[in-house]
Amino acid sequence: QVRLVESGGGLVQAGGSLRLSCAASGLPFSDCTMGWFRQAPGKEREFVGAINWSGSRTFYSDSVKGRFATVRENAQNMVFLRMNSLKPEDTAVYYCAAAYGQLFGSAVDAASRSQYNYWGQGTQVTVSS
């Protein structure tokens with residue numbers, strides 16, 4: 001059974017930082033591109049960032065580029081999202097997702113939700129102004 005479990009969300013003031021974690025089990029983690037998405041109330045789920053199987057390539061949406069960074073630890077089946085300089089518009093439920101066997105060449109490719117086979121339940125991030 002595949003499980004992706006996010007943690008690390010919470011309430012933070014604007015300008016602050018958070019680190020989200022995603023623990024994966026039941027899948028060949030080192031063969032998966034891992035993505036981060038978010039969904040704010042009343043809005044569609046949107047791409048945040050992704051990291052390839054080895055960690056050598058990352059992709060980010062323009063809205064978070066330079067503020068967010070994702071890394072992975074294949075030995076622990078974990079992926080992390082470091083979020084700095086948080087803004088109220090970053091408030092959303094954040095999801096990690098796994099794309100098995102996918103190699104993305106661009107952020108546009110990595111942003112396609114249909115490419116991801118497995119999803120976590122999400123963790124709430126709230127940024128106060």
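Me: In this predicted model, rings of Phe, Tyr and Trp pair if their centres lie within 6.5 Å. How many aromatic pairs does the structure hold?
Reply: The criterion is applied to ring centres, with the six-membered ring standing for Trp. On that basis, the number of aromatic pairs in the structure is five.

Me: Is the pair of phenylalanine 37 and phenylalanine 47 stacked or edge-to-face?
Reply: The ring centres of phenylalanine 37 and phenylalanine 47 are 5.6 Å apart, and their planes meet at 70 degrees. Planes over 60 degrees apart count as edge-to-face. The pair is therefore edge-to-face.

Me: Which strands hold phenylalanine 37 and phenylalanine 47?
Reply: Both phenylalanine 37 and phenylalanine 47 are buried. Their pairing ties together parts that are ten residues apart in sequence, because the two residues lie in strand S4 (residues 32–39) and strand S5 (residues 46–51), respectively.

Me: Over which rings does the charged end of arginine 45 sit?
Reply: One ring has its centre 3.7 Å from the charged end of arginine 45 and belongs to tyrosine 95. Another, at 5.1 Å, belongs to a member of the aromatic cluster that includes Phe104 and Tyr116. The rings are those of tyrosine 95 and tryptophan 119.

Me: In what order do the four strands of the open sheet run?
Reply: The edge strands, each pairing on one side only, are S1 (3–7) and S7 (68–73). Strand S3 (residues 18–25) and strand S8 (residues 78–83) pair in the antiparallel sense over six bridges, and alanine 23 stands opposite methionine 78 in S8. The order is S1-S3-S8-S7.

Note on methods. Residues are numbered from 1 along each chain as its sequence is written. This is a predicted model: local features need pLDDT of at least 70, side-chain atom pairs count only at pLDDT 80 or more; totals for chains, interfaces and linings use all residues. Side-chain values use heavy atoms; hydrogens and water are left out. Two strands pair if DSSP finds at least two bridges between them. Rings of Phe, Tyr and Trp (its six-membered ring) pair if their centres lie within 6.5 Å; planes under 30 degrees apart count as stacked, over 60 as edge-to-face and the rest as tilted. Buried means under 20% relative accessible area, exposed over 50%, partly exposed in between (1.4 Å probe, protein chains only). A charge sits over a ring if NZ of Lys or CZ of Arg is within 6 Å of the ring centre and within 35 degrees of the ring normal.
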